[in-house]
Amino acid sequence: IKEYFDDYFADYCAFWCADTFSLSAAKGIYQVAAVKVRNGVITEEFQELVRPWDGVADRKDAAKKAGVELSVVESAEDVDLVLQKFFTFVGDDVLVSTGALGNQAKLISRAARYTGMREIKNEFYDLLDLAADTSSEFDLANNTREYLLAHFSVAEGKSALEKAQINKQLYDALRNYGD
């Protein structure tokens, strides 16, 4: 994962990987989404279910979280096909998310390795880092997605697409903070 260091950009992709429950430290993704932002406006959306690779318990958890029948998750494409579509959609854009250098990075990196990718060429920008740089109010214990959502009165999304859209809202709110 390569970090993007500039603080302002108008064109990027906000993304989210939704993960399944796992007793191990290595969780799998069951849904990945991104919104393409051009000049500060969402212009395109991408969302796909992923058939979890770790067993039936993960697939049942994914179906419950996604609000779909188990058969829908079981018939979803494997992660290698979905990630090909995802990286085609995002192109060379900077990937923006809360936890982009934390949990989201772990999820997408593991999925990429699972598909045989040796390198993710996109740079990643973590909204939690932006928050900490924006104000000491968002540092330490208050440097979480949950705190930012509450602070900016943004309701958490349910699907990966809604969470990706919210990442764009959080980026806008942080960029305009104190104006």
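Two strands pair if DSSP finds at least two bridges between them. Helices (H or I, at least four residues) and strands (E, at least two) are DSSP runs, numbered from the N terminus. This is a predicted model, in which local features need pLDDT of at least 70, side-chain atom pairs count only at pLDDT 80 or more, and totals for chains, interfaces and linings use all residues. Residues are numbered from 1 along each chain as its sequence is written, and side-chain values use heavy atoms, with hydrogens and water left out.

**Overall build**

- The protein chain contains seven helices and six strands.
- Their order along the sequence is β-β-β-β-α-α-α-β-α-β-α-α-α.
- The protein chain is as compact as a globular protein of 179 residues, because its radius of gyration (taken over C-alpha atoms) is 16 Å, close to the 16 Å from the globule rule. That rule is 2.2 Å times the number of residues to the power 0.38.
- Along its principal axes, the C-alpha trace of the protein chain spans about 50 × 30 × 30 Å.
- Contact means heavy atoms within 4.5 Å. Of the contacts in the protein chain between residues at least 6 apart in sequence, 66% join residues at least 24 apart.

- Buried means under 20% relative accessible area, exposed over 50%, and partly exposed in between (1.4 Å probe, protein chains only). Of the 179 residues in the protein chain, 46% are buried.
- The protein chain has an accessible surface of about 9,000 Å², and carbon and sulfur atoms account for 47% of that surface. Accessible areas come from the Shrake-Rupley method with a 1.4 Å probe; for residues, only the protein chains shown count as cover.

- The six strands form an open sheet with mixed pairing, in the order β1-β6-β5-β2-β3-β4.
- β1 (2-3) and β4 (41-49) stand at the edges with a single partner strand each, so one side of each has no neighbour in the sheet.

- All eight residues of strand β2 (residues 12-19) are buried.
- On one side of β2 the buried residues are Y12, A14, W16 and A18, and on the other they are C13, F15, C17 and D19.
- Strand β3 (residues 29-38) pairs with β2 in the antiparallel sense over eight bridges. D19 has I29 in β3 as its bridge partner.
- Strand β5 (residues 95-97) runs parallel to β2 and is joined to β2 by two bridges. V96 in β5 is the bridge partner of A14, and C13 stands opposite L95 in β5.

**Helix α1**

- In helix α1 (residues 56-66), the buried residues are D58, D61, A62 and A63.
- Their cover includes β3 and α2 (70-74).

**An exposed loop residue**

- L140 lies in the loop between α5 (127-134) and α6 (145-151).
- L140 counts as exposed because its relative accessibility is 73%.
- From C-alpha to C-alpha, L140 and V41 are 31 Å apart in space, and they are 99 residues apart in sequence.
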